[in-house]
Amino acid sequence: MGFKRLHLVLGVIVVMNLASPVTAAPRVRVGVLPFENRIPQLPGNFIDGLEAMLISEGLTRTEWVMLDRVVTEDVLTEQKFSRSGLVRPGTGPRTGLNLGAQVLIKGIVTELTEASRGGGFGIGFRGVSVGRGGSRSTLGMDIRIIDAASGEVLAAQHGRAQIKSSDLS
């Protein structure tokens, strides 16, 4: 699709380098919040892929501890289940060990524009394409890094990436 490891993720990494560390702690705890999709044409799983890519990229950095806030409810459900009496004692996750984030990353997909009109519209992600034609489109996203203690926006960046649509198989 031509995202080149998603320019937007790289932009976030650059912004995070400017914003971290928030405290004197040797590793910054970074919580990735669910991304918002303000473009009705994009499928929801496209946004899930962006969150996953950001978390994977962050895991390559030794100075960050990545916290996936997209699955927080799943983690809490498993902890509650282990305390329900239905799980063999001592085999479930202990409660009270979840880490708090020092900074939060919030992404919002805000823009989708077609560069050419005649070729139709489509979008692809990770080998899956939807649409018709061969036009190029631009996807825009705003990323914010927020201090979890104060709510202060520490850094923000708007990024754009070119998307090439492809025919349905």
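No aromatic pairs were found in the predicted model, the count under the applied rule being zero.

The largest nonpolar core comprises 22 residues. Within this core, Val-30, Phe-35, Leu-42, Leu-50, Val-109 and Leu-139 have the most contacts. Two or more residues each are supplied by strand 1 (28-32), helix 2 (44-58), strand 3 (64-68), strand 4 (103-114) and strand 7 (136-147). Helix 2 makes the greatest contribution to this core, with five residues. Another core, of five residues, lies apart from the largest one and includes Val-65, Leu-67, Ala-101 and Ile-146.

Lys-106 is located in strand 4. This residue counts as buried because its relative accessibility is 18%, below the 20% cut-off for burial. The side chain of Lys-106 forms a polar contact with the side chain of Glu-36, at 3.5 Å. When neighbours within four places in sequence are left aside, the residues in contact with Lys-106 are Leu-33, Pro-34, Glu-36, Asp-142, Ile-143, Arg-144 and Ile-146.

Regarding confidence, the protein has an average pLDDT of 77, and 69% of the residues score at least 70. The pLDDT is below 50 over residues 1-10, a stretch that has 26 contacts in the model beyond near neighbours in sequence. Residues 118-131 also have a pLDDT below 50, and this stretch has 45 contacts beyond near neighbours in sequence.

Notes
Residues are numbered from 1 along each chain as its sequence is written. This is a predicted model: local features need pLDDT of at least 70, side-chain atom pairs count only at pLDDT 80 or more; totals for chains, interfaces and linings use all residues. Side-chain values use heavy atoms; hydrogens and water are left out. pLDDT is the predictor's confidence in each residue, from 0 to 100. Contact means heavy atoms within 4.5 Å. Rings of Phe, Tyr and Trp (its six-membered ring) pair if their centres lie within 6.5 Å; planes under 30 degrees apart count as stacked, over 60 as edge-to-face and the rest as tilted. A nonpolar core is a set of buried Ala, Val, Leu, Ile, Met, Phe, Trp, Tyr and Cys residues joined through side-chain atoms within 4.5 Å. Buried means under 20% relative accessible area, exposed over 50%, partly exposed in between (1.4 Å probe, protein chains only). Helices (H or I, at least four residues) and strands (E, at least two) are DSSP runs, numbered from the N terminus. A polar contact is a pair of N or O atoms within 3.5 Å; within protein, one must be able to donate a hydrogen and the other to accept it, and residues adjacent in sequence count only if both atoms are side-chain atoms.
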